[in-house]
Structures are given as C-alpha cells and as structure tokens.
Amino acid sequence: ASETDKLLIYEIGGMFMRKHRWKMLLLLLFSATLIGCSGKNDGESSKSEKFQSDYIDISGKDIKVNGGFFSAIHGMSYFTDFETNTAVPICNKPDCRHLSTYEDAETACNAAKGSNNIFPYKGKLYGMMNDEDGTRLVVSEFDGSNRKEKDYFIDAGCVFHAGVVVGDELYYFYSDILDAAEEENIQDTKYQRHFNVLNLDSMKQEEIFTEEADFVNVLGVTKDYLIYSLINGDTPLFYKFEYQTKKSEEIALHNSGYELIYFSPDKSSFYYAGTEKNELDTIYQYHLDTNENEIYLNRSELKEFVGEETGYLSLDGILEEGVVFRLSDYPKQWMFFKEKESGAIRELSLPQNLPAEGAVLSNFICQTEEGVYLNYYTIGETEGDLIEWYGYIRWEDLLSGKNDVEVVLKPSVSSTGNLVDKDGKLIGD
C-alpha cells in the first residue's frame, strides 16, 4: 500500500479503536456527502452569479455557493441547483450517458474524471486529485471540459482534510504520519497536523502551524473565521482562527471535538451538540461576543416524547424560529423542533415518512432559507451495503408534518459498488 493509503488506514483504524466506537460508526454514517455542476448554458452573467460566494467551505463533500452546491458521488461530479432542485452531472458532451466507471469502465464522461473537493474560482472549476506524487489542483470549464492540471501543493504520503477558500487563498488542513509502531497487535501511530494557506494564483503557500495531534477537525467556517479542534486522546482543544490576522484564539466548548457547529442566521452565535453530564446530552449555544456557552436544550426535556433518557443528540438545522435536532439510539431516531421564543418542543415525523420503504434518514446536507437537502438510505442484500437517495424538503413541509420530500438524485451504485436501479434494487436480480 502507498504511504497515503497507510495514512488513511491508520486514521480510520484510530477512530474505530476509540472508546466510543458505536458513536463514531454513526457519525461516519451521518457524515455529509452530496451532489456536483451544471452543464446548462445559462449565460456567463447568470452563471457567474450562481457560482459566487463570500467564502467556499470545502470541509465536507457538499460545497455550497450562492446558487447551489457541488459534490462527488461514486466517482461522478454533480451540481445541485437551488432553483430547479436538480442534480446535474458536470458534463455537456453531446449524447453522453453520464455513466460512472462502476457502470462503464471505458466511460468518457467529464463528470467521471475523479476529482474531489470541487469549487469554482475566477470563472473556472477547481478540484483536487491525489496520486503517488501527492495532491494537486485540476482546473476545467464549468462543464468539465478543457481540463488541466496545476502544481502539487501537498506532498506524497499526506492527506488533505478540510479547508475554506476566501478571496484568492485556500486555508487548509492536512496530515502525515510522524511515526508508526505496532506492539502486541496494538497500532501506535503519531501524526503531524498541518495548517497552511495557499495562494490559488501563484501557488505559493505559507505554513500557519504544524502540531502533533491524534485528530484535527474543522467544525465550522464563515467569511471571517473558522472554528477547529485538535484532539489528543480524549482531550479536545478548540480554536477560532481569523483569516485577516492569521491568528488562533483558544475557546471553550463542551464536546468531544468531532461534532460540527451550526451558526445562527446572523452569525452572532453558533449551536452544537455537547456534554453536560452524559455523552452528547445537551445542545449549547455559544455567544461569540461574550465567549459564553448557554444551555439551549437538555436531553431530559424530551422525556415526555421518549420516556427514559436514551440516545445522543445531534443538530440538523438552525432557523430564525428555532432549532431542528435529533435524538438517536441506534437504530431508532426521533426528530424534534424547539421554538426559540416559547421554548416549546414538538416531535417531527420525517424519519418515519421517507419516500423509500424502510429508509433511514442519514443527514441534512445543505440548508437554505426555504428548505434543506438531505440523504437517506436503505440496506442492500449484503451487510454494510448502503443504497442512497438525495432529496429536498421545504422547512414549511417539514415543520407541518407534510413531509413532502422531492427526490433530487436516485441511486445507480451502492456503497460497495453494486449497480442498482432507480428503485434501489440490485440489477441482475
């Protein structure tokens, strides 16, 4: 295996060897993944406006801009358009069937080129590719044509984690293995976590820091700063990093360092799932002006809905009117909405009313003012083989219980590479 493959194996292995193995399995299952770019010729002005943003968060696989978001699913790159609620392959080749390499090993579709972390920059579409020589940027037109490679910016044996594009700079985290040893079948691996800033025009970069840590996570970003964690053992440290000063300030949060944060609409505060007495039993609101954590909700408030206290809390969406969240006790899950003004809590029925029979709600992927994009899955014929759909629901329909989910992208390939039809059934059975 290559050094990069080894690092990925060590990273995953380290996560699952941790004390809270079941929680990490669910966090991985609930991790965000979604959809990529438009092949339509809307005109340069509308296209430019659609792909603009004050900042571009590339900490997850769904990369949001003003008019939609980019993503890569099973080797295919898509753009999901907020106006049409459609996921369009990044390809405008005439008569192209838009097949992935799983469906056609000889596919020539532009959307099947294999780049990750897709984002627009100065009228072009950028992505990342890694090989035995390292990680480099690739640049194409918005339809995926005229694809060119830029310089490597991460060395071989290293793994890109997350980043944010602000102006002409990419602030990003990556890792490499400092030392690895095995004793009595126990893997002891030490990592270096790097934080750099790369100028996307000149490809010159500056190191912000290099630290030895077990894990590094970007928890949330804005146009002015990002929040990240460094974790050693069971001890997380949290920081707010400002782009203008390129300085980090330590802040105090009450969780494990893996849970994402969700900003209030005015960005004056953020919410996160944390721990008061038991693991992930509380939702906190962190006020940026006072650096104070306020308890917004405790799991004990849900007794009338679920009886005995059970499971752990996770956030799904932040609205002007309140907060959407879930209580999970695998495989069960309950969804709720808490109103900000009255403090009233009511149960939502979306997890029990998804379009596919027997489906499980995975994650809310991308939030807009009008609604939210989500993914959900069914279990295939073999254990661990997930078949995913991507959809959209208006906040109004979610909160009213109408649960009218519009399917945005149907499955074609399962998580283990099996071909499936639009109903999620294995092809050939």
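In which loop is glutamate 320 found? In this predicted model, glutamate 320 occupies the loop between strand E22 (312-318) and strand E23 (322-329), and with a relative accessible area of 57% it is exposed. Together with Asp266, Glu321, Glu369 and Glu370, Glu320 forms a patch of negative charge on the surface.

A search of the whole structure returns 12 salt bridges. Among them is the pairing of lysine 122 with aspartate 201, whose side chains meet at 2.7 Å, N to O; this pair links distant parts of the chain, since lysine 122 is in the loop between strand E6 (116-121) and E7, whereas aspartate 201 is in the loop between E12 and strand E13 (205-212), 79 residues apart. Lysine 122 is exposed, at 60% relative accessible area, while aspartate 201, at 41%, is partly exposed. A further salt bridge, of 2.5 Å from N to O, joins the side chains of glutamate 141 and lysine 124; because glutamate 141 lies in the loop between strand E8 (134-140) and strand E9 (148-155) and lysine 124 in strand E7, the pair ties together parts that are 17 residues apart in sequence. Glutamate 141 is partly exposed at 24% relative accessibility, as is lysine 124 at 30%.

Buried positions are found in the strands as well. Asparagine 196, in strand E12 (residues 186-199), is buried at 6% relative accessibility, and its side chain makes a polar contact of 3.1 Å with that of glutamine 205. Tyrosine 126, placed in strand E7 (residues 124-131), is likewise buried, at 8% relative accessibility, and its C-alpha atom is separated by 9.4 Å from that of arginine 147, 21 residues apart along the chain.

Methods. Residues numbered from 1 in each chain as written. Predicted model: local features only at pLDDT ≥ 70, side-chain atom pairs only at ≥ 80, totals over all residues. Heavy atoms only, no water. Patch = residues over 30% accessible without salt bridge, like charges linked within 9 Å, V, L, I, M, F, W, Y side chains within 5 Å. Areas by Shrake-Rupley, 256 points an atom, 1.4 Å probe, with all protein chains shown as cover. Salt bridge = Lys/Arg side-chain N within 4 Å of Asp/Glu carboxyl O. Lys, Arg positive; Asp, Glu negative; His and termini not counted. Charge placed at Lys NZ, Arg CZ, Asp CG, Glu CD. Helix = DSSP H or I, 4+ residues; strand = E, 2+ residues; numbered from the N terminus. Buried < 20%, exposed > 50% of the residue type's maximum accessible area, 1.4 Å probe, protein only. Polar contact = N/O pair within 3.5 Å; in protein donor to acceptor, adjacent residues only side chain to side chain.
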